[in-house]
Amino acid sequence: MSFFDEDDEPTRTSSRTRTQTRVRPRSARPAGSGAAPDAQALLVRRIVAVVAGAVLLFLLFFVVRACNNGRHDNALKDYNRQVSNIATASTQTGESLFKALDASGNASANDLYQQIIAMKSSADGTLKQAQDLNVPSDMTDAQQSLLIALELRRDGLEAIAEKIQPAMGDEGEVADKAIEAIAGQNRSFDASDVLYKARVERFIDEALKGSGVGGQTITASRFMPEISWVAPTFVASKLGKSLSTGGEDGNGNTTSNDEPTGPGLHGSGLNGTSYGNVNLQPGTPNRMVYAAGQPFTVSFTNQGENEEFNVKVTVKIARTSGGGGTITLQKTVPKISPGEKVTVSLPLNKEPAADTALTVSTNVAKVPGEEKTDNNKASYPAIFSQG
């Protein structure tokens, strides 16, 4: 056997010996080749997470914004609704005031004073409601104007309450000044109406439109029904009075009670006086039964050739023997045409002394240019009994 044959012969071992196996070493992998897929997946996951988070925040932003816009729109609607309620209440107070002043000839000065005090209290409550409103930032200008308007109305009512008794109960300069003060306060009411119209309504409308809020009604508020109430002569006529020194005619023109209205004859003639169904007769005792609020009725005629203005009619009830208080009833006729017959109602709200000799005196005031005045007045003996 040759040497090479022996070398090529595979080595065999018996079962009792271990089989020798040659193990090939593994080829080495390039550095970093196993970590690359893991890093790429991680990067993708991070990008997806960032995008998802951004989308979520974007959606959350719009949800929150929509909620805030909804709350803001509701706040604007609530403010407008509450202002509408306040405006309506204030308007009703104004209607009550001028209705009471217009009918003041049927009420005593004290009764009218008490009514106006109650209206002032109502105006206080309305102002307090306005002050307590939750005001959206868009409505700040409207709110400021609203408060000023309501304060003008509240303060005007307070001032008129102070002046109504001397305006109705006094005579001469004292009454004139009180009537002029009332007319002046009425200008404050007019200013409040202008302010509400020009600023409160406009600012509310702009705020609603600016936020895209539609379908809303903006309530108007007018406290004084007509501009004539700023004229002292008009106020005096409604209170059954006349100014002793003239006044404005409502157009800013000053009138004088001493100047005739035109050339020709001027004068009035008293036709008669009655109480209930009793036509009073001069020189004869007139027996009457007192009924609260029942009026004296005075009839007179313009016997001149010109229109006359602010003709004051007065009825006085006094004890014939003198002493005691005198009851005075007055009313002013704003205008009377030539030849026109006028009937004036003067309610008697205070009971005269019962079963006592009294004198009822009726007088139609002299008009400027009138020369004959003996037919303007009459006196009637009277006795009242309790009803």
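View A. Two or more lining residues come from each of α4, β8 (327-336) and β9. A pocket is an open set of points on a 1 Å grid over the protein atoms alone, with protein on both sides within 12 Å along at least five of seven lines; lining residues have an atom within 4 Å of a point. Grid points are joined across faces, edges and corners, and the volume is the space filled by probe spheres set on the points. Helices (H or I, at least four residues) and strands (E, at least two) are DSSP runs, numbered from the N terminus.

The model is predicted: local features need pLDDT of at least 70, side-chain atom pairs count only at pLDDT 80 or more, and totals for chains, interfaces and linings use all residues. Residues are numbered from 1 along each chain as its sequence is written, and side-chain values use heavy atoms, with hydrogens and water left out.

**View B. The largest cavity.** A cavity is a set of grid points where a 1.4 Å probe fits but cannot get out. The structure holds one cavity of 30 Å³ or more. The largest cavity holds about 50 Å³ of space. Its lining consists of S90, T93, A123, T126, L150, R153, L157 and F223. Helices α2, α3 (109-131) and α4 each give two or more residues to this lining. The most come from α4, with three residues.

View C. The expected span of a helix is 1.5 Å times one less than its number of residues. Helix α3 has 23 residues and should span 33 Å; its end C-alpha atoms are 33 Å apart, which agrees. Buried residues in α3 are A109, L112, I116, M119, A123, T126, L127 and A130. Buried means under 20% relative accessible area, exposed over 50%, and partly exposed in between (1.4 Å probe, protein chains only). Helix α4 (residues 140-169) has 30 residues. From first to last C-alpha, α4 reaches 45 Å, close to the 44 Å expected. A kink of about 35° lies at K163 in α4, shortly before the proline P166. The bend at a residue is the angle between axes fitted to the seven residues ending there and the seven starting there.

View D. Rings of Phe, Tyr and Trp (its six-membered ring) pair if their centres lie within 6.5 Å; planes under 30 degrees apart count as stacked, over 60 as edge-to-face and the rest as tilted. This rule gives six aromatic pairs. F98 and W229 have ring centres 5.1 Å apart and planes at 55°, so the pair is tilted. It links distant parts of the chain, 131 residues apart: F98 sits in helix α2 (residues 36-102), W229 in the loop between α5 (172-210) and α6 (232-238). F98 is buried at a relative accessible area of 4%. W229 is buried too, at 3%. F189 and F223 form another tilted pair, 4.6 Å centre to centre with 40° between the planes. This pair also links distant parts of the chain, 34 residues apart, with F189 in helix α5 and F223 in the loop between α5 and α6. F189 is buried at 0% relative accessibility. F223 is buried at 2%. Ring pairs join F98, F189, F223, W229 and F234 into a cluster.

**View E. The open four-stranded sheet.** The strand order is β4-β3-β6-β9, with antiparallel pairing. Two strands pair if DSSP finds at least two bridges between them. The edges are β4 (278-279) and β9 (341-347); each has a single partner strand, so one side of each is left without a neighbour in the sheet. Seven bridges join β6 (residues 295-302) to β9 in the antiparallel sense. F296 has L346 in β9 as its bridge partner.

View F. Six of the eight residues of β3 (residues 268-275) are buried, leaving the strand mostly covered. Seven antiparallel bridges pair β3 with β6. Here G269 stands opposite T301 in β6. Two bridges join β3 to β4, again antiparallel. S274 stands opposite N279 in β4. The two strands form a hairpin with two residues between them. G276 in the turn has a positive phi of about 65°.
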